[in-house]
Every structure is written in C-alpha cells, then in structure tokens.
Amino acid sequence: MQAIVYTQYGSPDQLRLQDVPTPTIKADELLIAVRAAGLNAADRYLLRGRPAMLRFSSGLMRPKQPIPGSDVAGEVVAVGAGVTTFRPGDTVYADLSAGGRGGLAEFVAAPANMVAPMPAGLSFVEAAAAPMAGVTALQGLRDAGQLRPGQRVLIAGASGGVGTFAVQIARALGGEVTAVVSPRNVAQAQALGAARVIDYTAQDFAADGPVYDLVVAVNGRRPINDYRRVLRPGGVYVMVGGEMGQIFQALLLGPLLSARGGGQVRAVSAKPNAADLAALGEMMAAGQVRPVVERCYPLSETAAAFHYMEQGHARGKVVITFA
Ligand SMILES: NC(=O)c1ccc[n+]([C@@H]2O[C@H](COP(=O)([O-])OP(=O)(O)OC[C@H]3O[C@@H](n4cnc5c(N)ncnc54)[C@H](OP(=O)(O)O)[C@@H]3O)[C@@H](O)[C@H]2O)c1
C-alpha cells in the first residue's frame with residue numbers, strides 16, 4: 001500500500017509517499033481502507049518532535065511510528081477474530097491518536113473500541129475532519145466545562161479546527177456563544193451560531209466584565225487572569241490549547257487558583273473513545289454540527305497541507321484525500 005512516511009523529526013519537506021506493507025490486524029482490530037484523513041495540530045507537533053516532551057511517548061531520537069495521521073474515515077475491509085461490532089463494508093471514522101496512528105496510508109489497523117459508525121449524511125472528508133477536534137470540543141464543553149442550557153460561554157480561538165466544533169457544540173448543548181476571532185472569520189463564526197462575535201484585533205473580551213459562566217481557550221495567548229476576570233462567580237475556565245505560555249499557566253496555576261475561589265480553572269486532555277465519537281456523530285447526523293473543511297489535499301501533497309497548517313491560520317479543518 002501507499003503511505004506517507006517520515007523517519008526523523010523535522011520539516012514537512014521530508015515526508016515521502018512510499019510503498020509499505022499493508023498492516024496485519026489483531027483480534028480486537030479492524031482493517032480500514034482510508035478514504036480521507038483529517039490533520040490536527042498534534043500531527044504537526046509529532047512531525048517536528050516539538051514540544052520536546054512529546055518525544056517521551058513518540059520516540060526520543062526518531063518517531064517510533066513512521067506513518068503520521070490520527071483522524072481517519074473509510075471502509076472496513078477486514079475484522080479481527082474478536083470483533084463483533086463491525087463488518088466488512090461498514091463505513092467508519094476514528095481518532096487513532098491513542099490507537100497506534102498511521103492514518104496517512106491507504107489502509108490502517110484500528111482498535112475496534114476507538115471506531116464509530118460514520119454518521120448519516122456526511123462525506124468521508126467531513127467525517128475525517130471530525131474525530132479529534134470534535135471530541136476535544138465536546139469533552140471541553142460538556143465534561144470539563146459542565147455547560148448547561150442557557151449559560152453564556154466565551155470561546156477564544158473559535159475559527160480553527162477545534163474552535164469551529166466548539167461554537168456549534170456549545171450551541172447544541174444550549175449555550176449562548178460569544179466567539180473571539182480575527183476579522184476575516186467573523187462571518188464564519190456568526191454562520192456557525194455564535195450570538196456575538198468579538199474581533200480580537202478591534203475589541204478586548206477582557207473588557208466584558210464578569211458575564212460568562214464558561215470560558216474556553218482554544219487558541220491564542222492571554223494571561224490566565226484575563227480569562228478569570230470575565231467569569232461570573234462560580235464560573236469555569238477551560239484551557240484546551242493555544243500557545244505554550246497559556247497551556248503552562250493553566251496547568252501550573254490552575255489548581256492553586258481554583259482552590260482560592262473566584263472560578264474553577266481546568267485543562268482538557270482529550271480522551272478519544274467510541275462513545276463520545278458516537279455522541280458527536282448524533283449531533284452531526286441531526287444537523288446540529290457540521291464539520292467546517294477549509295482545504296483538501298491529495299495524499300501526494302501531504303507536505304503542502306502540513307506547511308499550510310503550520311502557518312496557524314486554518315479556517316476549520318484541513319483534510320487529506322485518497323484516490
Ligand atoms: N487539549 C487537548 O486535548 C487538545 C486536543 C486538540 C487540540 N488541542 C490544541 O488546541 C489548539 C487548537 O487546535 P486547532 O486544531 O483548532 O488548531 P488550528 O485549526 O490550527 O487553529 C487555527 C486557528 O487559530 C486561530 N487563531 C490563531 N491565533 C489566534 C488568536 N490569537 N486568537 C484567536 N484565534 C487565533 C486562527 O484564526 P485567525 O487566523 O483568524 O487568527 C485559525 O483559525 C492547539 O493548541 C492544539 O494543540 C488540544
């Protein structure tokens with residue numbers, strides 16, 4: 001089969017399209033013929049091997065898994081002896097970041113408990129865009145954020161992969177969304193259901209005062225106190241991502257600030273699983289959530305897709321397609 005391969009950490013330019021053996025499957029796995037593979041920020045970190053602490057799991061000197069890619073959508077072509085939940089011919093999608101990765105290949109072996117049936121009405125490209133970004137947004141809002149109907153939620157960084165899902169899922173959970181984006185993404189955020197949109201080049205959300213029940217930081221970098229300042233008493237700040245300073249502040253200061261009162265500080269580390277993928281799938285099948293796919297690249301142009309992602313201004317998702 002053909003796959004994208006890298007043997008050392010570094011630039012997307014070293015990615016090669018090569019013939020490699022088709023994976024064999026274990027008893028609890030499926031073999032999926034990949035039709036589309038979504039890219040995530042994690043894929044570019046694993047390509048560069050940065051931040052360096054990632055290498056404790058991905059390989060200290062060189063990547064242990066030479067085929068990148070976690071989010072896939074495709075068709076089941078074989079099932080392991082112990083799999084009863086899927087059959088050849090089923091269309092499925094999955095986030096394989098905790099299941100071996102290897103998604104940028106014509107075939108991938110996937111643990112069955114990380115795979116869900118593809119939602120009705122979605123193309124392979126849309127389905128491949130959803131798993132990691134959608135489940136991260138869902139776990140950030142529903143679990144860490146405990147978002148309840150009628151609550152006001154601020155989403156900082158609402159225009160990229162996670163942010164476009166977060167706006168829609170927050171709406172689907174009954175939240176009233178304020179989205180923070182750059183000017184070119186104002187119309188997109190409104191179309192996704194934000195009740196109010198803040199252009200971060202012209203307005204400062206920190207001037208809103210303590211009006212939000214939940215603040216979700218997806219991108220950018222603001223001091224943690226700017227987020228806490230806009231929380232109502234008892235509100236929750238959830239850090240999903242953004243620049244390193246933002247992440248470390250939430251991880252290091254979060255427990256201390258939460259204990260002192262004036263709002264909880266929580267950090268999300270998304271846990272891919274089939275149940276949440278199915279819950280996301282229901283929202284998508286019901287038309288409450290629609291993946292926003294900005295660009296598609298053929299497998300042979302994966303390096304160009306990574307270069308585009310690395311610019312940091314993708315509007316929604318970037319997806320790799322297979323012939
Ligand atoms: N915690 C977890 O488990 C988990 C899981 C998945 C992802 N993440 C993290 O979540 C973050 C977002 O991931 P992603 O896939 O959504 O990334 P992405 O798609 O690459 O994000 C690109 C978007 O970020 C926006 N952006 C950049 N700087 C901004 C700023 N200062 N303020 C507001 N928006 C800004 C850009 O909009 P403009 O061009 O308009 O600025 C662009 O639309 C990353 O840090 C990623 O590592 C965490």
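This is a predicted model: local features need pLDDT of at least 70, side-chain atom pairs count only at pLDDT 80 or more; totals for chains, interfaces and linings use all residues.
A polar contact, as I use the term, is a pair of N or O atoms within 3.5 Å.

Take Ala-314. A polar atom of its backbone lies 2.6 Å from an oxygen atom of the ligand. Taken alone, the ligand exposes 930 Å², and the protein buries 86% of that. For His-313, an N or O atom of the side chain is 2.5 Å from an oxygen atom of the ligand. For Val-162, a backbone N or O atom is 2.8 Å from one.

Who else is around the ligand? There are 25 residues, and the nearest are Ser-182, Tyr-200, Val-268, His-313 and Ala-314. By type, the shell has 14 polar residues, nine nonpolar and two charged. Helix H1, residues 41-48, and helix H5, residues 161-172, each supply at least two of the shell residues. Which element gives the largest share? That is H1, with three residues.

Now the aromatic rings. A pair of rings is described by the distance of the centres and the angle of the planes. How many aromatic pairs does the model have? The count is two. In one of them, Phe-205 and Tyr-227 are stacked, at 5.4 Å centre to centre with 15° between the planes. Phe-205 is in the loop between strand S10 (196-199) and strand S11 (212-217), while Tyr-227 is in helix H7 (residues 224-229), so this pair ties together parts 22 residues apart in sequence.

The other pair is Tyr-227 with Tyr-237. Their centres are 4.8 Å apart and the planes meet at 10°; stacked means under 30 degrees, so this pair is stacked. It links distant parts of the chain, Tyr-227 in helix H7 and Tyr-237 in strand S12 (residues 231-239), ten residues apart.

Ring pairs therefore join Phe-205, Tyr-227 and Tyr-237 into a cluster. Are these residues buried or exposed? The cut-off for buried is under 20% relative accessible area. Phe-205 has 3%, so it is buried. Tyr-227 is buried too, at 1%, and Tyr-237 counts as buried at 1%.

Last, charges over rings. The charged end of Arg-152 sits over the ring of Tyr-212, 5.5 Å from the ring centre. Arg-295 has its charged end over the ring of Tyr-308, at 3.7 Å from the centre.

Note on methods
Residues are numbered from 1 along each chain as its sequence is written. Side-chain values use heavy atoms; hydrogens and water are left out. Rings of Phe, Tyr and Trp (its six-membered ring) pair if their centres lie within 6.5 Å; planes under 30 degrees apart count as stacked, over 60 as edge-to-face and the rest as tilted. Helices (H or I, at least four residues) and strands (E, at least two) are DSSP runs, numbered from the N terminus. Buried means under 20% relative accessible area, exposed over 50%, partly exposed in between (1.4 Å probe, protein chains only). A charge sits over a ring if NZ of Lys or CZ of Arg is within 6 Å of the ring centre and within 35 degrees of the ring normal. A residue is near a molecule or strand if one of its heavy atoms lies within 4 Å of it. A polar contact is a pair of N or O atoms within 3.5 Å; within protein, one must be able to donate a hydrogen and the other to accept it, and residues adjacent in sequence count only if both atoms are side-chain atoms. Accessible areas come from the Shrake-Rupley method with a 1.4 Å probe; for residues, only the protein chains shown count as cover. Ala, Val, Leu, Ile, Met, Phe, Trp, Tyr, Cys and Pro count as nonpolar, Asp, Glu, Lys and Arg as charged, and the others, Gly among them, as polar.
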